[in-house]
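Colleague: I would like to go through the side-chain contacts of this model. Shall we take them one at a time?

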Amino acid sequence: MELYVNFELPREAEEELGRYFKIVRGGDLSNVEVALVSRITAEELAKMPRLRFIQVVTAGLDHLPWESIPPHVVVAGNAGSNADAVAEFAMALLLAPYKRVVQYSEKMRRGDYRRDLPVPLIHGRKVAVLGLGEIGTRVAKILAAMGAEVWGFSRTPKEGPWRFTNSLEEALRGAKAAVCALPLNKYTRGMVKYEHLALMAEDAVFVNVGRAEVVDREGVLRILKERPSFIFASDVWWGRNDFAKDAEFYVLSNVYATPWVAGGYGNEEVWMQMVREAVRNLVTYARGGRPRNIARREDYI
């Protein structure tokens, strides 16, 4: 069985896959039945008429050319492979501004040593977690352990140390903080709007480690300008990797920005873990088992 790979694999991963597949990287792809990719183009897909299974290294699948993927081709994502790293980063993005660490550091750098910024508690405060997948579940459990009143929002009910709701308004109303870990698909695109953000506390912190497009760009910009004490801390941006497209956000004092480094882009160890998980799923497929994280085509088309 031929396996198409379009990125550099570590030697151990290549050796493991070599036990089950003939790995090809270019040339004649007409006999390829399986693909292991981070990204794939419509042009690549057109060269693989026998393709049956695509394993994606990334957790998100919104960047795939779904219109060019034949309906019979099974696509597997890699949810959970970077969840620990992203959950940790989400907590850092939340706590650093919420506990006024960043603000006091900036003040002291300027020689301003006044203790004039009250430091709020997480304990006993309402915090919303949007998306109860691998990342959101971890974040919600950490917040619950800290004594927060956690509200978990998702389409599908999930039990845990949170109050579940499928109402975005109920999740965000009065919340002192929120962490967005929603995947991007046709249901979630533009889901979080200005009116939802306006339901939060005046000095709330909204963290996004999911996808930028889940949140309405103009709505965020409006709330940030209307409420100087409202904080937006994000690792993901509407310009994707062209971060300059969102430069108008970075100059705002109530924005804390990082360039998509929460997961594999920020740590080689995390990337290697993602590759190992993807390889493990491919081996399951090769052995006739059921792979994890099978995507629902109807979520994207």
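Colleague: Does R217 count as buried or exposed?

Modeller: This is a predicted model, where local features need pLDDT of at least 70, side-chain atom pairs count only at pLDDT 80 or more, and totals for chains, interfaces and linings use all residues. Residues are numbered from 1 along each chain as its sequence is written, and side-chain values use heavy atoms, with hydrogens and water left out. Buried means under 20% relative accessible area, exposed over 50%, partly exposed in between (1.4 Å probe, protein chains only). R217 has 18% relative accessibility, so the residue counts as buried.

Colleague: Which side chain meets R217 in a salt bridge?

Modeller: A salt bridge needs a side-chain nitrogen of Lys or Arg within 4 Å of a carboxyl oxygen of Asp or Glu. Here the N to O distance is 2.8 Å. R217 lies in helix 8 and its partner in helix 9, so the pair ties together parts 31 residues apart in sequence (helices are DSSP runs of H or I, at least four residues, and strands runs of E, at least two, numbered from the N terminus). The partner is E248.

Colleague: What is the relative accessible area of R155, which forms a salt bridge with D299?

Modeller: The closest N and O atoms of R155 and D299 are 3.8 Å apart. R155 lies in the loop between strand 7 and strand 8, and D299 in the segment after helix 10, so the pair ties together parts 144 residues apart in sequence. D299 is buried at 9%. R155 is partly exposed, at 49%.

Colleague: Is the aromatic pair of F232 and W237 stacked or edge-to-face?

Modeller: Rings of Phe, Tyr and Trp (its six-membered ring) pair if their centres lie within 6.5 Å; planes under 30 degrees apart count as stacked, over 60 as edge-to-face and the rest as tilted. F232 is buried at 2%, and W237 is buried at 2%. The ring centres are 6.0 Å apart and the planes stand at 80°, so the pair is edge-to-face.

Colleague: Over which ring does the charged end of R222 sit?

Modeller: A charge sits over a ring if NZ of Lys or CZ of Arg is within 6 Å of the ring centre and within 35 degrees of the ring normal. For R222, the distance to the centre is 3.7 Å. The ring belongs to Y194.
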